[in-house]
Amino acid sequence: MRTQRQVVDYALQRKALLAEVHSGRVGTMDVCDANPYLLRAAKFHGEPSDVTCPVCRKEPVTKVSWVYGDELKHASGSARAPEELVRMAASFTEFTVYAVEVCRTCGWNHLVQSYVLGTGGLDTHKPRRRTAAE
């Protein structure tokens, strides 16, 4: 996305948690605890991925994007489909997106990435034309 900035990737945190799970130090019940609201959001607003669930290995995880921002008012804290994010990025000055991967089979969920979208910070005005007197 053209206006994406302040990207934070949580891949190292995910990798460390999965190492704990696979070694047996953390139980699967501790990491496969997706809220029913998150599972519903994955069903209706999620984007399928080609990454197989790292816990159950039964199906690909679904990426769900949650939006937060003062300017969003009542829409803040809701899940949005990728095409809605594009439209919102052109309509609002600034809001934060949290991308969560969730397995709809076992309930695995983890924050994958966060970033800021919106028109704020973009140089959208055209340069002023100089007059002959300048």
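Residues are numbered from 1 along each chain as its sequence is written, and side-chain values use heavy atoms, with hydrogens and water left out. As the model is predicted, local features need pLDDT of at least 70 and side-chain atom pairs count only at pLDDT 80 or more, whereas totals for chains, interfaces and linings use all residues.

Strands are DSSP runs of E of at least two residues, numbered from the N terminus. Two strands are taken to pair if DSSP finds at least two bridges between them. Strand S3 spans residues 60-68. S3 pairs in the antiparallel sense with strand S2 (residues 47-52) over three bridges, and here Glu-47 lies opposite Lys-63 of S3. Seven bridges connect S3 with strand S5 (residues 95-102), again in an antiparallel arrangement; Val-64 faces Val-100 of S5. S3 also pairs with S4, antiparallel and over three bridges. In that pairing, Ser-65 has Arg-80 of S4 as its bridge partner.

Ser-65 belongs to S3 and has a relative accessible area of 6%, so this residue is buried (under 20% relative accessible area; exposed is over 50% and partly exposed in between, with a 1.4 Å probe and protein chains only). Contacts were taken as heavy atoms within 4.5 Å. With residues up to four places away in sequence not counted, Ser-65 touches Ser-78, Ala-79, Arg-80, Leu-85, Val-97, Tyr-98 and Ala-99.

Arg-80 is located in strand S4 (residues 78-80). Its relative accessible area is 18%, and Arg-80 is therefore classed as buried. The side chain of Arg-80 makes a polar contact of 3.1 Å with that of Ser-78 and another of 3.3 Å with the side chain of Glu-84. A polar contact is a pair of N or O atoms within 3.5 Å; within protein, one must be able to donate a hydrogen and the other to accept it, and residues adjacent in sequence count only if both atoms are side-chain atoms. Apart from neighbours within four places in sequence, Arg-80 is in contact with His-45, Ser-65, Val-67, Ala-75, Leu-85 and Met-88.

With a disulfide defined as a pair of cysteine sulfur atoms within 2.5 Å, the count is zero. For Cys-32, which is in no disulfide, the nearest cysteine sulfur is that of Cys-106, 3.7 Å away. Cys-32 is buried, at a relative accessible area of 15%. Cys-53 is likewise in no disulfide, and the nearest cysteine sulfur, again that of Cys-106, is 3.6 Å away. Cys-53 is buried, at 1% relative accessibility.

Terms used: Helices (H or I, at least four residues) and strands (E, at least two) are DSSP runs, numbered from the N terminus.
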